[in-house]
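Subject: Structure for your review

Dear colleague,

My findings follow it, and I would be grateful if you read them with the structure open.

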Amino acid sequence: MSTSRRPDWATIPNLVTLVRFVLLAPVCALLLDGPDTLAVVLLLAWASTDWIDGMLARALDQTSRTGEIIDPIADRLGLAAITATLAVAGLLPWLALIIIVVADVAMVLLATRAALGGRLEVSRIGKARTFALMTSVFLLVAAAAWAPGLLGAVRVLLWISVVLHVLSAVDYILRATRVRAQVRPEGGAPAGEEPPSRR
């Protein structure tokens, strides 16, 4: 099938993103049972798909609007489920989980419309937040499985990533607010731009 005739969703990177959804349930089940080597390996595989799908999208020139939508959903849903599981297992502070959830809910309520409309791109702080949170969660599980004495140091990194998470949420909300301010109340084009012609 040629690229021009291929449906927007039918890409290899999107398939990798779907694998991230599929891996989530077994990862959480293993973490709840108590982190071990298998849990660490499966969590690493889950986190790696976030880097792999982006790399493939660029290498294969298979970026898609579907991918732009489901990739951050997979990230946020996965991190929320994994951090909640770690909190239940007693490895992650409940306060950190509450802050992460509140920030995510605020982003969903205040920034989702702008993001789905294609007017809100992923920011550098957003990418840094995702990397830091995934890294700290992975190190937390690895420390619990292999080096419990390092849990205290890893939790410091976790709190740094939580701060980045909040800053990223504030950044998204502020940018979404500016986008809404630029759009005419009746749904027209942003101020200073001509509305698109109808064909």
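Just after helix 2, D61 takes a positive phi of about 55 degrees. This value occurs although D61 is not a glycine. The residue belongs to the loop between helix 2 and helix 3. Is D61 buried or exposed? Its relative accessibility is 60%, and D61 therefore counts as exposed, the cut-off being over 50%.

Please bear in mind that the model is predicted. The chain contains six helices and zero strands, which gives the pattern α-α-α-α-α-α when read along the sequence. Of its 199 residues, 38% count as buried. Among the contacts in the chain with a separation of 6 or more, 77% are between residues 24 or more positions apart.

I then turned to helix 2 itself. Helix 2 covers residues 37-59, 23 residues in total. From its first C-alpha to its last it reaches 32 Å, close to the 33 Å expected at 1.5 Å a residue. Helix 2 also has a bend of about 30 degrees, located at T49.

What caps the N-terminal end of helix 2? The cap is D36, which has a side-chain oxygen 3.3 Å from the backbone nitrogen of L38.

The next point concerns burial. The buried residues of helix 2 are A39, V40, L42, L43, W46, A47, T49, D50, D53, G54 and A57. An α-helix has 3.6 residues a turn, so residues three or four places apart point the same way. The cover over the buried residues of helix 2 includes helix 1 (12-33), helix 3 (65-88) and helix 5 (124-146).

Finally, I looked at how helix 2 and helix 5 are arranged. The two helices pack at an angle of about 170 degrees, and their axes are 9 Å apart. Angles over 145 degrees count as roughly antiparallel, and helix 2 and helix 5 are therefore roughly antiparallel to each other. On the helix 2 side, the residues that meet helix 5 are T37, V40, L43, L44, W46, A47 and D50. Their partners in helix 5 are T130, M134, V137, F138, V141, A142, A145 and W146.

With kind regards

Notes
Residues are numbered from 1 along each chain as its sequence is written. This is a predicted model: local features need pLDDT of at least 70, side-chain atom pairs count only at pLDDT 80 or more; totals for chains, interfaces and linings use all residues. Side-chain values use heavy atoms; hydrogens and water are left out. Helices (H or I, at least four residues) and strands (E, at least two) are DSSP runs, numbered from the N terminus. The expected span of a helix is 1.5 Å times one less than its number of residues. The bend at a residue is the angle between axes fitted to the seven residues ending there and the seven starting there. Buried means under 20% relative accessible area, exposed over 50%, partly exposed in between (1.4 Å probe, protein chains only). Contact means heavy atoms within 4.5 Å. A polar contact is a pair of N or O atoms within 3.5 Å; within protein, one must be able to donate a hydrogen and the other to accept it, and residues adjacent in sequence count only if both atoms are side-chain atoms. Axes are lines fitted to C-alpha atoms, for helices over the stretch in contact, and angles run from 0 to 180 degrees between N-to-C directions. Angles under 35 degrees count as roughly parallel, over 145 as roughly antiparallel, 65 to 115 as roughly perpendicular and the rest as oblique.
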